[in-house]
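Subject: Structure handover

Hello,

Here is the structure we talked about. Please load it first, then read the notes below.

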Amino acid sequence: MADTRPASVSFRQALAYWLKLGFISFGGPAGQIAIMHQDLVERRRWISERRFLHALNYTMLLPGPEAQQLATYIGWLMHGSWGGIAAGGLFILPSLFILIALSWIYLAFGSHPEVAGILYGIKPAVVAIVAFAVYRIGARALKNNIMLGIALAAFIAIFSSGIFYPGFTSFPYIILTAALIGLIGGYLAPDKFKLSGSHGAANKDYGPALIDDDTLQAVHTRFKWPRIIVYACIGIGLWLGAMIWLYNVYGWHGVLTQMGWFFTKAALLTFGGAYAVLPYVYQGAVEHYHWLTAAQMIDGLALGETTPGPLIMVVTFVGFVGGWTHQLFGPDSLALAGIAAACVVTYFTFIPSFLFILVGAPLVEATRHEIKLTAPLSAITAAVVGVILNLAVFFAWHVFWPKGWDAQVDWLGVLMSVVIFIGLWRYRWGIIPVVLGSGLFGLVVMSGNG
């Protein structure tokens, strides 16, 4: 363990790291958070374990992608507003360009047997990856019977609302109820609602950190109403200006305008990270607006698992497919329509994430030692486990019974998911090797059947 505090980090040095992170952040939110923990807490010691976990649990409270928001938070701690914008922006830009390219390949060549075979192999891997996410998060968050009860109640609540048709208000009610339970529990049984982060209790010491437990609060991290009001106005202005432009050009019922409005609601009303958000996006994009099919949604998640960046970037795929299939700019400009829709969806999905950090983080920094304020985060984390479990059931149904309950079970897909889950759990297989290997296996199987 090092005994000396690391040297200060310049904005340029931090920028280089955030750009690198944007290209290597594979593995979904759990993997991305693990990468940041290993790099920033253990190796570089830019931030201490406790400060990292406090920031993490705040982002888990927020709607939106917690890994991207965590990067934004740490960037803001280090270099203020521009540091946060750079960290959060570079976390998603590589994925945006990669997913646009993959979406074009999918739509242009998806009917080819080779592409279909690769997707067939990847889908069972997606089921196993989501199921493993339930296990990993549950193992950390469900530390006692109270937390287990919250998780089960959340699963029952969202499951009973319809496995495949979760209501638009399901997530906020579940999360707000969990937060209320945590708020009360923080008073009545504080030991049961202690903060539990994604990397265990904050009792590890990797040596002095640049932003340590006892580091004096920087000027830019202090809560000041004038600055908060300015940031809020800028964020709302960026959103409102884009919505007004879309409305004036395409009308309220235009596809791009409706995408902007729907993904604004998705960004504000869905909690628990990408795995919890996806059922909400599925209901709106597939069942309500018909921008894509259920099979395409699962294919999009499979592609999202192969790219860096937050898993919620699957919305980029949703937008691209919606713009392409609706021929927004005519039959001769399908790719341009897809790119435009993908950019609109991504823009409206992530604006709130930056706003939540730049506006809310100063208040959170002032409450780092308040169990009454952090206890709700522990309860919310437990509830998210139940929500993600519902998502695992949702994907399993579509992958193992692709033609409905009355059709034959895809036993090969079931076997693949079981084997992959055991590999992830017992042998710590990496997400990318799993996805690539599954795609190759599916290609071989489909070629053999052909």
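Start with the second largest cavity. Its lining counts 11 residues. Ala266, Ala267, Val277, Ile312 and Thr349 are the ones nearest its centre. Keep in mind that this is a predicted model.

Some context on that space.

Which helices line it? Both α9 (255-269) and α10 (274-288) supply at least two residues each. α9 gives the most, with three residues. By class, the lining of the second largest cavity has eight nonpolar residues and three polar ones.

Next, two backbone points.

His290 is not a glycine, yet its phi is positive, at about 60°. His290 sits in the loop that runs between α10 and α11 (294-305). Is His290 buried or exposed? His290 counts as exposed, because its relative accessibility is 54% and the cut-off for exposed is over 50%.

Gln327 also has a positive phi, about 50°, and is not a glycine. The loop between α12 (314-325) and α13 (334-365) holds Gln327. Its relative accessibility is 40%, so Gln327 counts as partly exposed. That class covers values between the buried limit, under 20%, and the exposed limit, over 50%.

Best regards

Notes. Residues are numbered from 1 along each chain as its sequence is written. This is a predicted model: local features need pLDDT of at least 70, side-chain atom pairs count only at pLDDT 80 or more; totals for chains, interfaces and linings use all residues. Side-chain values use heavy atoms; hydrogens and water are left out. On a 1 Å grid over the protein atoms alone, a cavity is a set of points where a 1.4 Å probe fits but cannot get out, and a pocket is an open set with protein on both sides within 12 Å along at least five of seven lines; lining residues have an atom within 4 Å of a point. Helices (H or I, at least four residues) and strands (E, at least two) are DSSP runs, numbered from the N terminus. Ala, Val, Leu, Ile, Met, Phe, Trp, Tyr, Cys and Pro count as nonpolar, Asp, Glu, Lys and Arg as charged, and the others, Gly among them, as polar. Buried means under 20% relative accessible area, exposed over 50%, partly exposed in between (1.4 Å probe, protein chains only).
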